[in-house]
Amino acid sequence: MNYLSIKDIDDLSGWVQEAIALKKDPLKYQDLGKNKTIGLLFFNNSLRTRLSTQKAALNLGMDPIVMNFGSEGWALELEDGTVMDQGKSEHIKEAAQVISQFCDVIAIRAFASLTDKEKDLKEEILSAFARYATVPVVNMESSVGHPLQALADAITMEENKPAHRPKVVLSWAPHPKALPHAVANSFIEMMQRQEADFVITHPEGYELDPDVVKDTPVEYDQELAFENADFIYTKNWSSFNDYGKVISQDKNWMITGDKMAKTNQAKFMHCLPVRRNVVVADEVLDSDQSIVIEQANNRTYSAQIVLKKILEA
Ligand code: CP
């Protein structure tokens, strides 16, 4: 069993409830992963994913091995049939098979290039590991999705849900750098599987992949979208159509206390890291409405339920 996207969750509500139970008794299955090794391969930076996935593995009795592949590994060739007489030292075909001999599970973080849309949509590195590895593969954020984050988001929303059907808003916010679409994509796919009134809000030009958004409503007036919301999930992303470009940094889209006042005392969510007073004002992030720290805490239990399912498969 692989965990490459949230499509690999066969029973979303069951996994969320099981993760909440694991949170209450994290060491209950500490023998499940005994003498099993997980290799965590990072082609990009991380704080939460790196530590929470190790913590989840340790809670299950697994031994984590971490490698910063981007800076410490050989440069990997991804194309088949290439004459490897340039900078790439090792083909991913050998690398994936060799790592499979050292590890019982391989987890990979490999972000979008944001320069080559076609290659990014193919999730080149993750897909190659899924093809050539001989052990289960876990996505720790690929060019297209961040399913461990989306599962943590679902756990956090379950813990904070109102008594009524919630209104959930995914809001774009400004950021000085071009950021990938992965977190927004997986959050949208997760919300499409939830009982909720879900709306996306962003400036014109920041439309996400139509194959992900499907028929989810998009409201270009952020303040209108916020009315009566129970959850505000904020994330920046770069343009999908003008691929990887920052086409606007409109400061008016920052999440402020005035905007949160239009909601139904909504909980504020963000996957972190977040730039204060660019994406969200201090007054929101430091308020009781912000649940970002608990959301990050739930990364452990989303990883733990995924690893438990893999170990039990
Ligand atoms: N949210 C998240 O994936 O955080 P890191 O990039 O720090 O792992």
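Predicted model: local features only at pLDDT ≥ 70, side-chain atom pairs only at ≥ 80, totals over all residues.
Local features rest on pLDDT of at least 70 and side-chain atom pairs on pLDDT 80 or more, whereas totals for chains, interfaces and linings use all residues. Residues are numbered from 1 along each chain as its sequence is written, and side-chain values use heavy atoms, with hydrogens and water left out.

Along the principal axes, the C-alpha atoms fill a box of roughly 55 × 50 × 35 Å. Of the 313 residues, 53% count as buried, where buried means under 20% relative accessible area, exposed over 50%, and partly exposed in between, with a 1.4 Å probe and protein chains only. Among contacts (heavy atoms within 4.5 Å) between residues at least 6 apart in sequence, 78% join residues at least 24 apart.

Two packed helices are described by the angle between their axes and the distance between the axes. Helix α7 (residues 147-159) packs against helix α13 (residues 292-312) at an angle of about 115°, and their axes are 8 Å apart. Axes here are lines fitted to C-alpha atoms, for helices over the stretch in contact, and angles run from 0 to 180 degrees between N-to-C directions. The crossing of α7 and α13 is right-handed; a crossing has that name if the near helix is turned clockwise from the far one by less than a right angle, and is left-handed if anticlockwise. From α7 the contact takes in L148, Q149, L151, A152, D153, I155, T156 and E159, and from α13 it takes in E294, Q295, N298, R299, Y301, S302, A303, I305 and V306. By type, the residues of this contact divide into eight nonpolar, five polar and four charged. In that count Ala, Val, Leu, Ile, Met, Phe, Trp, Tyr, Cys and Pro are nonpolar, Asp, Glu, Lys and Arg are charged, and the others, Gly among them, are polar.

Helix α13 also holds L311. The C-alpha atoms of L311 and G33 are separated by 6.9 Å, although the two are 278 residues apart along the chain. Beyond its neighbours within four places in sequence, L311 is in contact with L32, G33, K36, L60 and M62.

Helix α2 (residues 48-59) has twelve residues, which at 1.5 Å a residue should span 16 Å; its end C-alpha atoms are 16 Å apart, which agrees. The expected span is 1.5 Å times one less than the number of residues. Its buried residues are R48, T49, S52, T53, Q54, A56, A57 and N59, and what covers them includes β1 (37-42), β2 (63-68), β5 (105-109), α7 and α13. N59 has a relative accessible area of 5%. Leaving aside neighbours within four places in sequence, N59 is in contact with P26, L27, Y29, Q30, T300 and Q304. Just after α2, G61 takes a positive phi of about 85°.

In helix α8 (residues 182-191), ten of the ten residues are buried, so the helix is largely enclosed by the rest of the structure. Its cover includes α1 (12-24), α7, β7 (167-172), β8 (197-201), α9 (210-213) and β10 (231-235).

Some loop residues remain. A cis peptide bond joins L272 and P273, with omega about 5°. L272 lies in the loop between β11 and α12, has a positive phi near 65°, and counts as buried at 15% relative accessibility. E123, in the loop between α5 (117-121) and α6 (124-132), also has a positive phi, near 45°, and is buried with a relative accessible area of 18%. V135 lies in the loop between α6 and β6 (137-139) and is buried at 17%. Its contacts, neighbours within four places in sequence left aside, are N2, S100, C103, D104, V105 and I106.

How values were computed:
Helix = DSSP H or I, 4+ residues; strand = E, 2+ residues; numbered from the N terminus.
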